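Reader: Please take me through how to read the features of a model like the one below, giving the general idea before the particular case.

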Amino acid sequence: MTLSDNTWPANVKKAVAAFEAQNPDIKIQLDTYPFRDLFETIEVRMKAQDKDVDLISVDVPLVASYSVRGYLAPLDAYFSRDQIEKTWIKASWQAGMYNGHFMAAPQNTSTQFMFINRKLFRDAGIEPPKGLTGDQTVTYDQVAQIAANDRWTWEQVVDAAKKLTKTENGRTDVWGFAFDQVSRLYQLQCLGDSLGATLVGPDGLTAQGYFNSPGWLKAAQWYGDLFNKWKVSPKNVTPDESPSLFSGGKVAIFVGGEWNVGRFKEAGVDFEVAPIPYFKEGKPASGTGSWHVGISKNSQHQAEAAKFIQFLCASDAGATVWFEAQGQSPAMIALWSKISADPKFHAFPDDAYLLGDYEAQHTAVPRPLTPAYLQLEDIFASTYEDIRNGVDPKEALDGAAQRLDVFFAQFKR
Amino acid sequence: MTYRRSAWIAYLLLAPALVCLAVFRLWPIATTLLGSLYSQSIMQAGKDVFVGLNNYTQLFRDPIFWQSLWVTIKLNLVINPLQVFIALLLAIMANQRFRGTGFYRLLFFIPLGVSVPIASILWRIMLDPNSGLANSLINLAGIPSQPFLISKDQALWCIVAIATWKGASFWMIFLWAGLQDIPRQLYEAARIDGAGGISRFFRITFPLLRRPLLFVLITDTAVNFLLFVPMFLLTRGGPSYSTNVLMYEAYKSGFVYGDMGRALALVMVLLVLVIATVAMQFRLFSQEEAN
């Protein structure tokens, strides 16, 4: 059995080992690929009707795309509706549905935080935003208070980032601000969402007037200004490299996924976790959704594959192994109950999951539902990369919207 | 009878090559052509439907296709003559015999030992606008830092430079072999007759190097029309589609967007473009030879 998976081989291996210990008659062979190659590999292997692939890691906005193109076998036979509703949080299981069928089971969800390097703030004499630090333990209500009342705006972030950026002789040694997944849709969608703008129309297949709406234009202008006008964020840094800038003390404010909490703790950074910012004229919005697992339609071992999904995503043992190894917000209701009751999650840095829980309930906005998500994601990334490199945001967004509509038209035929 | 028998023997001897040509060249072209007439069905998951020339008409209506076509042509107009010229220059230098020749021959060969992906990554580090070696060097000369691969005006030319650094030494080998085939007596005779260096080059070297040059030019052109790795690793077709060659667009359509019909249509356009260019080069060279 082969599991097409992505960048966390060590963590998946722990889950596989636990599964194999319970099921000695099933062996899992892992095929892992770097994040940016995973989607292309899935396309190639599924197009080739590769029978060796049994399980596919499905990035949640791709459930529709993979279902439309016949890559996934429905999981309806293995999970009843009642079981689905009782096992996972609503937003997660709903994202795994297509045309009334359960196509992919939620492995975990995700959330976004603002990470603050406390030493760099102290050195610059700037008061950091109120957040979660190693100095105190917190309850969920206290976390909710911080998220509701003390959340910074993007305007405050820029003001602080300007003061935190240190440039000497034309070379910048410390950058005020950096995004984790630079220029990617998952990372930047919160900017438009904060201004009430959606990327595509309600039919999921219209870009003109949405991708280049006034809200997104403002968001894109702000994004471009970070690199070109205020020069508080570095160019030519990839999403793979960006977190190491924060853990190396080269970035003062970092907006990224909750999976960075463990990484920064391990690196020994003196940091705090604060809620993701929002635009002053808008409302708070955060990213959500993450990996699901589906069964390949060409699999010769669908029953065994389903057994692994039951273990990894729906059993207490499997989901706990995965959560402890990967550290991403769980999609399983039972795990959330465990987190709220465990004192460990009221102390830093694990109390960040309480903030994640708040964001999931109050500010999370899922990615657009469209069968052309692959095109949308790719064009979004190249457009925002262009804006980052100095292309006029209006010109970039108008061109991208026009191009997207050409692709979308194929799905309307 | 004798003629007929010898013709059969000739066909028999050619058969393995013709079979390989049919299986590895003509068959893929035929399936590509056929595949470009199909598109995946949205209504029936996983099924392909016959759409005739629709993939081509969609392509010709797409401004990005025309931009990619222009980028491909622009790249090839510059890179092919440049690589052949530098390869010829290196071959002439490598063909000289004096003290220390071995050392600079070795220098010419070094890029050959570096794979294209490794070369691309090394160049990416050197051309980094924040902390790359290239900007440090030009800063020393008093020139301000350049954006290189993140500028829509510079990225394509950076890729030309990287591909030429890697490619010129490869093509040099063929031209060097060609140069070594030219009898030295011809040069000696020309020298006795009073011919200078330039005259010897245009009257002896160039005419006798015509065949290897034609081979290098045609193969280099075919290779560069399909150039893909630097765009894939360094720019992903950007900034602003300035390095989005047809080959990369075809790759993206097939393997990123999952639209194989569009990808195959793009590959067919590329094939026509390569055939037309190569035919033109053949014609030019054979006309010169006839003259």
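**Charged pairs, polar contacts and cores**

Author: With a relative accessibility of 44%, Asp173(A) counts as partly exposed, where buried means under 20% relative accessible area, exposed over 50% and partly exposed in between, with a 1.4 Å probe and protein chains only. This is a predicted model, in which local features need pLDDT of at least 70 and side-chain atom pairs count only at pLDDT 80 or more, while totals for chains, interfaces and linings use all residues. Residues are numbered from 1 along each chain as its sequence is written, chains are lettered from A and ligands numbered from 1 in the order in which they are written, and side-chain values use heavy atoms, with hydrogens and water left out.

Reader: With which residue does Asp173(A) meet in a salt bridge?

Author: Side chains of opposite charge can pair when their charged atoms come close. A salt bridge here is a side-chain nitrogen of Lys or Arg within 4 Å of a carboxyl oxygen of Asp or Glu. The side chain of Asp173(A) meets that of Lys250(A) at 2.9 Å, N to O. This pair links distant parts of the chain, 77 residues apart, with Asp173(A) in strand S10 (residues 171-179) of chain A and Lys250(A) in the loop between helix H11 (242-247) and strand S11 (251-257); helices (H or I, at least four residues) and strands (E, at least two) are DSSP runs, numbered from the N terminus. Lys250(A) is partly exposed as well, at 33%.

Reader: How many residues apart are Asp123(A) and Lys119(A) in helix H6?

Author: They are 4 residues apart in helix H6 (residues 118-124) of chain A, which means that about one helical turn separates them. Asp123(A) is partly exposed, with a relative accessible area of 45%, and Lys119(A) is partly exposed at 45%.

Reader: Is the pair Glu249(B) and Arg262(B) buried or exposed?

Author: Both Glu249(B) and Arg262(B) are buried, and they form a salt bridge with closest N and O atoms 2.8 Å apart. Because Glu249(B) lies in helix H12 (residues 246-256) and Arg262(B) in helix H13 (residues 260-290) of chain B, the pair ties together parts 13 residues apart in sequence. Over all chains, the whole structure holds 24 salt bridges.

Reader: What lies 3.0 Å from a polar atom of the side chain of Asn117(A)?

Author: The backbone nitrogen of Leu120(A) lies at that distance. Asn117(A) itself sits in strand S8 (residues 112-117) of chain A and is buried, with 4% relative accessibility.

Reader: Which residues touch the most other members of the largest nonpolar core?

Author: In soluble globular proteins, nonpolar side chains tend to be buried together. A nonpolar core is a set of buried Ala, Val, Leu, Ile, Met, Phe, Trp, Tyr and Cys residues joined through side-chain atoms within 4.5 Å. Of the 99 residues in the largest core, Trp154(A), Phe177(A), Phe179(A), Phe211(A), Ile253(A) and Tyr384(A) touch the most other members. Helix H18 (residues 393-412) of chain A gives the most to this core, with 8 residues. Domain 1 (2-109 + 289-357) and domain 2 (112-287 + 372-411) of chain A both give residues to this core, so it lies between them; the bounds come from an automatic or database domain assignment.

Conventions:
A polar contact is a pair of N or O atoms within 3.5 Å; within protein, one must be able to donate a hydrogen and the other to accept it, and residues adjacent in sequence count only if both atoms are side-chain atoms.
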